[in-house]
Structures are given as C-alpha cells and as structure tokens.
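Hello,

Here is the structure I promised to pass on. My notes follow below it.

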Amino acid sequence: TFGVTIHSTGRYVPDNEVYNETLTHWMETSDEWIRKRTGIRKRHLSKGEDTSDLCIRASQAALANQKVDASQIGLVIVATMTPDSQSPSVASKVQAAIKAENAVAFDLSAACSGFIYGLSAAEKMLRHMACPYALVIGGEVMSKTLNWSDRKTSVLFGDGAGAVLLKREVGTEAFIAEDLHTDGEKGSALVSGEQEVANPVCARDDKNGYLTMDGRAIFNFVTKSIPKSITQAVEKGSTDLEEVDFFLLHQANARIIEIVAKKLGRPLSKFPMNIENYGNTSAASLPILLDESIENGTIRLGSGQKIVLSAFGGGLTWGTLLIKI
Ligand code: ACO
C-alpha cells in the first residue's frame, strides 16, 4: 500500500534583520520587554518582496535538496494569511515559477495553523493523485498587515517562508495521527485583512485591514488547548509522550512553549525553538523550524524519529500532527 513521507524541506527569509533595539526608535518599547514577554530578539522584515517571492525561494530550496522533476508535482498548497492578492493565489504563482505544470495549486487560510492544515489536506489528496509529489508551503509577509504604531502587535511578528515536499511511495508512512480543531466563536480574538464593503449603494465603513489581537485571550486559550491536542494526537497514534523525540510548536511566544512543555511533563530540550531569530512568522513558523532542525541534525529524514507538529492561531484554529520522519 501507498504511504506519504516527507521527502525534503527548504526555507527562505528576507535578508533584512531588525533587532528589538531598532523598534525602540519607531515606538515606545524596549528590548527587555520584548525578550522577557516573548523570547524574540530579532525578526526579518521584507524590503519589498511579497509573499509569493518568499514562497518561490523556499520551494526552490526544497526542490534543490533533491533531484525532483517539477512535472512530477501534482499539488501545490500555500498556507498564508498575507497573500499578494485574492487572485491569483500565491500557490498559482509558485506553480508557474517552479514550472510544476501538472500541479493543482491553491491557497489555504488558517492563520498560524495553516501549515498544519495544509499538510493534513495535502497528505490525503496526494494518496488519490496521479503525480507522486506535493508541495506544502507556509509563507507570510506579516509586516504589511501590521499597524506599526501598535506596540502590542507589531513587535511580535516577522516575515518568511518554509516549504515541505511530500512523496507518495510504497511501504512507508509518515502520517501517524492528527487532531485538528476550529472554534469560530472566538474568531474576533485575532482579526487581520478585513476589507471594507464600499460600493455605490453602501457608504464606507472604518475597516483598515490591520492585524488586531487579544494577546491575553489567545495566550490563555493556547496554554489550555495545545497540551490537550498534543496528548490526544499522541494517544490516537498509540504512542506515549515519552516516545516522542521532538515537539515542534508554532513559534509565537517562548513562554507559551515553556508552559506547554511543563504541562506535558517533558523537558524543554525536546522543544526546538528559533523564535529568537524570526519572531512569529505565522504559517511559515513550523516549516522554517523543521527545515532548520533538519539542517542542524536535530531531526533526520528517514530516521524513524517521532515528531509532533502543533500550531494555533486566528480562526481560532489549532491542531497537532504526529509524524514518523
Ligand atoms: N513594549 C512595551 N510594553 C508593552 C508592549 C511593548 N511592545 N506591548 C504591550 N506593552 C505593555 C502593555 O501596554 C501593558 O501595559 P499596562 O499594564 O500599563 O497596560 C503591559 O505591557 C502588559 O501587556 P499585556 O498585553 O498584558 O502583556 P502580556 O504579558 O499578555 O504579553 C503577549 C502580551 C506577548 C502578546 C502575550 O499575550 C502573547 O504572547 N499572547 C499570545 C499571542 C499569540 O500566541 N498569538 C498567536 C496567534 S498569531 C496568528 O494566528 C497570526
């Protein structure tokens, strides 16, 4: 029988690094506040590259890692909450740039959980497609949706993209179990990219599109629901928490990760982190972390290590995948 595995990964972030110190010239904040509350030291901010530019570079990196013919790719999913445009999708632009002429391409909107949702969808679709490869990308230019005079949100986010190439093959299976959720009732806790309804029969309203977030509410929701989601995915996969080699969590806040580790009773050394260097890159955070963890040898493709991928964000959305890498 066919299984789906993770074949290769790649990432790309804009060159331009912005340290907390620089933000103190733009708004009333401090390096100490940002580091203590979030663990962030710097982030990469685009100097004009849009989400598709980042996603194309991350995809090219994932493809360059293996000699895969792009015509063998049947599916391109881009998880993003900051697309270049509503149409064409970012995924269509990636499909064109990498010349994946046989691929179906579309964007998926699930905020910071987008990469988890995207992997879950791609893994299932790939089992029924003619081509053996699927590309799942998380990419964001969060900086264009931030209100740079709102210190409560603008210090938290960064720009970047990460890509994962999935392969369908006989005899191996990476996807062991999943636990995905949405709670639309709490959607107002994180809003971004609202568009005005303005037309000849309707006056303009005051929507500005900026990202707004009730940080406290999300913090409380996440520290309750993520330990539960991880526990459930691991149980569904007939695995013990002790057997999980690494827990890769959405990089939104180092304190959240510390609390989750504590609640699960697992050492923090099992939770790779890079929020220091990137801030919260939303849907890009997990594929960037996965690619870095593979590059530095923490995670080894084909090793059989058990890995938890878990994310949460706007929607509200959250979820966990248990994979054998
Ligand atoms: N610099 C200095 N002071 C600040 C800053 C800043 N950048 N931001 C806020 N403050 C001040 C506030 O004004 C407040 O001051 P006050 O007490 O005088 O009113 C004080 O610091 C505390 O503010 P809180 O908002 O209560 O700080 P908190 O400890 O809750 O930390 C944070 C805020 C970091 C946002 C936290 O709540 C958090 O991480 N929440 C989770 C966010 C998250 O995970 N989002 C993920 C989803 S993202 C997505 O889907 C795209």
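Helix 7 has a kink of about 30°, centred on V222. The bend at a residue is the angle between axes fitted to the seven residues ending there and the seven starting there. Helices (H or I, at least four residues) and strands (E, at least two) are DSSP runs, numbered from the N terminus.

Two points on the model before the rest. It is predicted: local features need pLDDT of at least 70, side-chain atom pairs count only at pLDDT 80 or more, and totals for chains, interfaces and linings use all residues. Residues are numbered from 1 along each chain as its sequence is written.

**Helix 7**

Helix 7 has 22 residues. From first C-alpha to last it reaches 31 Å, close to the 32 Å expected at 1.5 Å a residue. That expected span is 1.5 Å times one less than the number of residues.

Its buried residues are I218, V222, I226, S229, I230, A233 and V234. Buried means that 20 or more other C-beta atoms lie within 10 Å of the residue's own; exposed means 12 or fewer, and partly exposed is in between, with C-beta atoms placed from the backbone. An α-helix has 3.6 residues a turn, so residues three or four places apart point the same way.

Just after helix 7, S238 takes a positive phi of about 45°.

**The ligand shell**

Which residues come nearest to the ligand? Of the 24 around it, they are T29, C112, G215, A252 and G313. A residue counts as near if its C-beta atom, placed from the backbone, lies within 6 Å.

Helix 2 (31-38), helix 6 (151-154) and helix 7 (215-236) each supply at least two shell residues. Helix 7 gives the largest share, 5 residues.

By type, the shell has 12 nonpolar, 8 polar and 4 charged residues. Here Ala, Val, Leu, Ile, Met, Phe, Trp, Tyr, Cys and Pro are nonpolar, Asp, Glu, Lys and Arg are charged, and the others, Gly among them, are polar.

**The annotated domain**

An unreviewed UniProt entry lists residues 237-325 as "domain: Beta-ketoacyl-[acyl-carrier-protein] synthase III C-terminal". UniProt positions are in the numbering used here, feature names are shortened, and annotations may be inferred rather than shown by experiment. Over residues 237-325 the chain is 29% helix and 22% strand. The end C-alpha atoms of that stretch are 14 Å apart.

Most residues other than glycine have a negative phi, and most peptide bonds are trans. Some here depart from that pattern.

- S87 and P88 are joined by a cis peptide bond, with omega about 0°. P88 sits in the loop between strand 4 (73-79) and helix 4 (90-97).
- G315 to L316 is also a cis peptide bond, with omega near -15°. L316 lies in the loop between strand 12 (306-313) and strand 13 (317-324).
- A111 has a positive phi, near 50°. Its loop runs between strand 5 (104-108) and helix 5 (114-126). A111 counts as buried because it has 25 C-beta neighbours inside 10 Å.
- S282 has a positive phi of about 55°. It is in the loop between helix 9 (275-278) and helix 10 (285-295). S282 is buried, with 35 other C-beta atoms within 10 Å.

**F106**

Beyond its neighbours within four places in sequence, F106 is in contact (C-beta atoms, placed from the backbone, within 7 Å) with I77, S89 and A91.

Best wishes

Note on methods:
Two residues are in contact if their C-beta atoms, placed from the backbone, lie within 7 Å.
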